[in-house]
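Have a look at the sequence and the structure, then follow along.

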2 protein chains.
Amino acid sequence: MANDEEALELHAENPGKISVEPSVDIEDSDDLELVYTPGVAEPCREISEDKSRAYDYTSKGNMVAVVSDGSAVLGLGDIGPEAAMPVMEGKSNLMKKFGDVDGFPICLESETAGDIVEHVESLEPTFGAINLEDIKAPRCFRVERTLKNSMDIPVFHDDQHGTAIVVSAALQNALDVAGKQLQDVRIAISGAGASGIAVAEFLLELGAENIVPVDSSGILRVDDSNRFKADLAEKTLASYESGGLEDAIDDADVFIGLSAPGIVSEEMVESMSDNPIVFALANPEPEILPDKAKDAGAYITATGRSDFDNQVNNSLAFPGIFRGALDAGVSEISEEMKAAASDAIRDFVEPKRDRIVPETLDQSLALEIADSVQEAAEQPET
Amino acid sequence: MANDEEALELHAENPGKISVEPSVDIEDSDDLELVYTPGVAEPCREISEDKSRAYDYTSKGNMVAVVSDGSAVLGLGDIGPEAAMPVMEGKSNLMKKFGDVDGFPICLESETAGDIVEHVESLEPTFGAINLEDIKAPRCFRVERTLKNSMDIPVFHDDQHGTAIVVSAALQNALDVAGKQLQDVRIAISGAGASGIAVAEFLLELGAENIVPVDSSGILRVDDSNRFKADLAEKTLASYESGGLEDAIDDADVFIGLSAPGIVSEEMVESMSDNPIVFALANPEPEILPDKAKDAGAYITATGRSDFDNQVNNSLAFPGIFRGALDAGVSEISEEMKAAASDAIRDFVEPKRDRIVPETLDQSLALEIADSVQEAAEQPET
């Protein structure tokens, strides 16, 4: 685990972890005339005649806003936009490193979903895509849905879809190793925030049939006042079952935790089916530590952390997804593109118990994902 | 003059002219843990306890938004936010090159002054200062005034204040060469947009007493329906005089054009006082070409262009001004800081008829300006 002091030092020495750099050097007055006035007038004129030429002559086509209001940051909660910034800057750093995407952090002072929507809409001329991040549920669902309709550029809430893509890839590899099929297994999903709901929805799309979503109040209910939770209950075993986490996990083949530290006991793991798969993804403290889960019979374990096997982390996916979407020039990231990204991650490794996902630092992964996403974007719709 | 084809090529080969680059390289999983999760949590926590630590641990302290709605771009007019982008990107490039400031272009889709205000306010957690740019008058005045009151970071409309700073420096050097005093000379200012009004206001502050502001409708009137023009008329000779450009310029020691191409004739220059100073700053086509002005008796000429002597261009000022303001950690750029910037530009050259301002590409100028601005910021208020 990283040392807090070391992390502070690194951030103090490199505030922001990113910088804006000239990509054209101005050496003489000829350069200045081309980069600035009067030369700059010509691309301005071209774009004013046809807005789409912004993609030819400006940074828009490679520039992704990493947007947050700071209302649901890591395990820290609603810490506000200023305090969320280091996360968005880290993400911007990774986008360039792995995807050659210009990511730029935008932390917004805004109180409501409506505010966020209006501010992000106003940024459309500047950015080629929007990565929403660390916005609390259910606000994030309303923001994403509205922006996907109103904007002509891809809008992608990474906490939902990035997580769903990586978890589904990891899960399918784990199931292959365990010799089980997605449509047959019972999957307990703990946590009904942005990522928990999105993982469940995506696994349903991929063919899972026996999902039991559970949150801190127990197995979700079809009459939940949060309509996103109620909708999910309707589509899953939660429409027939009730009880707590111990009921959801009982006889499950798979546990996926996107919830809270330490809530899974050894007894719960012991109550699972044969060769159980335990993804304890709460960060930085998982629902159960991998060693403890293995002692209780877990066949395959994964966490969000780099100090255990099988790090299931969004950073595997987002640089390649944005690279692919920008290269494809699409106005949204479709379900087919998400599935292609998941497949690319899945196919990147020869799965074993301790290697169900690629290494987070593998430089070639993002390019594989980008190619698959672009290919999916170019398929005629079926 | 730059070739249009060449300018398009350069923009196509380097779309954006800037890029977002990692300032920390991630080489191994230890780095990843510090730059991203879990290490990033510690600076987040620190900032959530004290927002001001954003300046220690994030890019905020060196990040300046170059904001436009694209409503008054160069000589091109209201071409919209997408088409304005190459100008903002050029400016961001220059900020880094000359001032080591991270400038980031934000072109906003927004219809009204109120919209712009709300969107820019929402960006306060992300940026350490705001450079407003190419927003049409009088909208720009309302936007700047409101934001200066509502935001805790410097807000600076470069078309107004950057222009005023550079023009005043150039003018005072020109007056030195011509052996005249600012308070004595008659100054005709053509153009009552953002820059014309700001130049007049700033020269008044510096001690000019005989300014005649004129726009395409003639010498400004105290009953103009635009209250910014009426206010200026009130404070200048326009409260006593009337007529057209030829009346304003008659017997003037100084002509400052921030208006339209070709509107000054040789006869008008001939009607000026002894050793007249002619700043024809309309871009890219000046109010009168320098050679023609000299033939008609102009003693000193200046334009906004690099292909004539005495290029009076905002790029002389803004990188140093923002560098100084950020280093001083101020929440606004005061009149004293603007005057200090003007003096630094003025003092940078030994003035001669063909050298009243520094070379635009002099790398050390911005640092001189920054030092002067910072010093002015640290003076106790008088």
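Q: Is His161(B) buried or exposed in this predicted model?
A: His161(B) lies in helix H8 (residues 158–178) of chain B; helices here are DSSP runs of H or I with at least four residues, strands are runs of E with at least two, and both are numbered from the N terminus. Buried means under 20% relative accessible area, exposed means over 50%, and partly exposed is in between (1.4 Å probe, protein chains only). The relative accessibility of His161(B) is 13%, so this residue counts as buried.

Before we go on, some housekeeping: this is a predicted model, so local features need pLDDT of at least 70 and side-chain atom pairs count only at pLDDT 80 or more, while totals for chains, interfaces and linings use all residues. Residues are numbered from 1 along each chain as its sequence is written, chains are lettered from A and ligands numbered from 1 in the order in which they are written, and side-chain values use heavy atoms, with hydrogens and water left out.

Q: Which residue's side chain is joined to that of His161(B) by a polar contact?
A: A polar contact is a pair of N or O atoms within 3.5 Å; within protein, one must be able to donate a hydrogen and the other to accept it, and residues adjacent in sequence count only if both atoms are side-chain atoms. Leaving out residues up to four places away in sequence, His161(B) touches Glu144(B), Phe156(B), Ala198(B) and Lys338(B), where contact means heavy atoms within 4.5 Å. The polar contact, at 2.6 Å, is with the side chain of Glu144(B).

Q: How are H8(B) and H9(B) oriented to each other?
A: Helix H9 covers residues 194–205 of chain B, and its axis is 8 Å from that of H8(B), at an angle of about 50°. Axes are lines fitted to C-alpha atoms, for helices over the stretch in contact, and angles run from 0 to 180 degrees between N-to-C directions. Under 35 degrees counts as roughly parallel, over 145 as roughly antiparallel, 65 to 115 as roughly perpendicular, and the rest as oblique. H8(B) and H9(B) are therefore oblique.

Q: What is the handedness of the crossing of H8(B) and H9(B)?
A: Among the residues that meet here are His161(B) and Leu171(B) in H8(B), and Ala198(B) and Phe202(B) in H9(B). A crossing is left-handed if the near helix is turned anticlockwise from the far one by less than a right angle, and right-handed if clockwise. For H8(B) and H9(B), the crossing is right-handed.

Q: Which backbone nitrogen lies 3.1 Å from a polar atom of the side chain of Glu287(B)?
A: Glu287(B) sits in the loop between strand E10 (277–280) and helix H13 (290–295) of chain B, and it is buried, with a relative accessible area of 0%. The backbone nitrogen of Leu258(B) lies 3.3 Å from a polar atom of that side chain. The one at 3.1 Å belongs to Leu281(B).

Q: How many of the 11 residues of H14(A) are buried?
A: The buried residues in H14(A) include Phe318(A), Phe322(A) and Leu326(A). The helix is largely enclosed by the rest of the structure, because the buried count is 9.

Q: How are H5(A) and H14(A) oriented to each other?
A: The axes of helix H5 (residues 81–99) and helix H14 (residues 318–328), both of chain A, come within 8 Å and cross at roughly 65°. That makes H5(A) and H14(A) roughly perpendicular.

Q: Which residue does the side chain of Asn62(A) meet in a polar contact?
A: Asn62(A) is in the loop between helix H4 (54–57) and strand E2 (63–68) of chain A, and counts as buried at 18% relative accessibility. Its contacts beyond four places in sequence include Arg323(A) and Leu326(A). The polar contact, at 2.9 Å, is with the side chain of Asp102(A).

Q: How many disulfides are there over all chains?
A: A disulfide is a covalent bond between the sulfur atoms of two cysteines. The rule used here asks for a pair of cysteine sulfur atoms within 2.5 Å. The sulfur of Cys107(A) is too far for a bond, because the closest cysteine sulfur, in Cys44(B), is 8.9 Å away. Over all chains, the count is 0.
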